[in-house]
Amino acid sequence: MQNLSEPELLKLAQCGDHDAFAELQTRLDSPMRRFIWRLIGTQDAEDDIVQDSFIALYLNLDRIQPVENLRPYLFRIVRNRCYDVLRKKGRFEQMSLDDEPVETWVSLHETPMSGSQPEEATHWLLLQMEVQQAMERLPELQRQTLILYSEESLSYQEIAEAMNCSIGTVKSRLFYAKKMLRQLISPETLQVLEAEFKSGEEV
């Protein structure tokens, strides 16, 4: 089972293979919890959201077509469950949409710390903390879009599926998110990031 991809496991689960679904749960648990934490912070409801999301996923396995849509479909379920929690706490607020072209954004999911000395690793951790704190100040829909793109590595199409919007809206939200982040992050941090990521992508 461990050698199979998530789409392959989903196909088996759709045919009634309980072991395949259990393996999917194991692989998806951490990304789900990371997404929940980034959306609503530390909540007592986290375990309930995870459990409810997996139940909803299991009950709707046959509806996930093509099977490559697994993660977008699951993130949409998790997002809706998080909204339910926020509504109960009176914290949910509808955000307006925006529509502009987008440039690329560098991935924050992995920082160049492999093999780094402790001082360098600490330096990159501080940079990442600054970026994440800046992300918390973004409008909610822009923040969620950027999280799915930079931290969960979803494509435009996958984000559109997860957030139930158009690809154009995804690109627009990323454009404005990046534009605002440039204003929120210190010039020193921007300079370091731009110097580190010279592969044609812009911060």
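Let me start with C15, which is exposed in this predicted model, with a relative accessible area of 71%. C82, by contrast, is buried, and its relative accessible area is given as 0%. As for how cysteines are paired, the structure holds 0 disulfides, where a disulfide is a covalent bond between the sulfur atoms of two cysteines.

Turning to the fold, the chain contains 9 helices and 0 strands, so that, in the sense used here for DSSP runs, the pattern read along the sequence is α-α-α-α-α-α-α-α-α. Of the 203 residues, 43% count as buried, and the chain exposes about 11100 Å², of which carbon and sulfur atoms supply 48%. If we take the contacts between residues at least 6 apart in sequence, 67% of them join residues at least 24 apart.

Is V85 buried or exposed? With a relative accessible area of 11%, V85 falls under the 20% cut-off and therefore counts as buried. V85 is also 36 residues away from I49 in sequence, while the C-alpha atoms of V85 and I49 are 8.7 Å apart in space.

On the surface, I55, Y58 and L59 form a nonpolar patch, and together these residues have about 320 Å² of accessible area. Y58 belongs to helix α3, which covers residues 46–59, and, because its relative accessibility is 37%, Y58 counts as partly exposed.

Now to confidence, which should be kept in view for everything said so far. The mean pLDDT of the chain is 78, and 73% of the residues reach 70 or more. Where in the chain is confidence lowest, and where is it highest? It is lowest in helix α5, residues 118–135, with a mean of 64, and highest in helix α1, residues 6–14, with a mean of 95. Over residues 92–116 the pLDDT is below 50, although this stretch has 68 contacts in the model beyond near neighbours in sequence. A further stretch, residues 199–203, also has pLDDT below 50, and there the model has 16 contacts beyond near neighbours in sequence.

Methods: Residues are numbered from 1 along each chain as its sequence is written. This is a predicted model: local features need pLDDT of at least 70, side-chain atom pairs count only at pLDDT 80 or more; totals for chains, interfaces and linings use all residues. Side-chain values use heavy atoms; hydrogens and water are left out. pLDDT is the predictor's confidence in each residue, from 0 to 100. Helices (H or I, at least four residues) and strands (E, at least two) are DSSP runs, numbered from the N terminus. Contact means heavy atoms within 4.5 Å. Buried means under 20% relative accessible area, exposed over 50%, partly exposed in between (1.4 Å probe, protein chains only). Accessible areas come from the Shrake-Rupley method with a 1.4 Å probe; for residues, only the protein chains shown count as cover. Patches are made of residues with over 30% relative accessible area and no salt bridge: like charges are joined within 9 Å, nonpolar side chains (Val, Leu, Ile, Met, Phe, Trp, Tyr) within 5 Å. A salt bridge is a side-chain nitrogen of Lys or Arg within 4 Å of a carboxyl oxygen of Asp or Glu. A disulfide is a pair of cysteine sulfur atoms within 2.5 Å.
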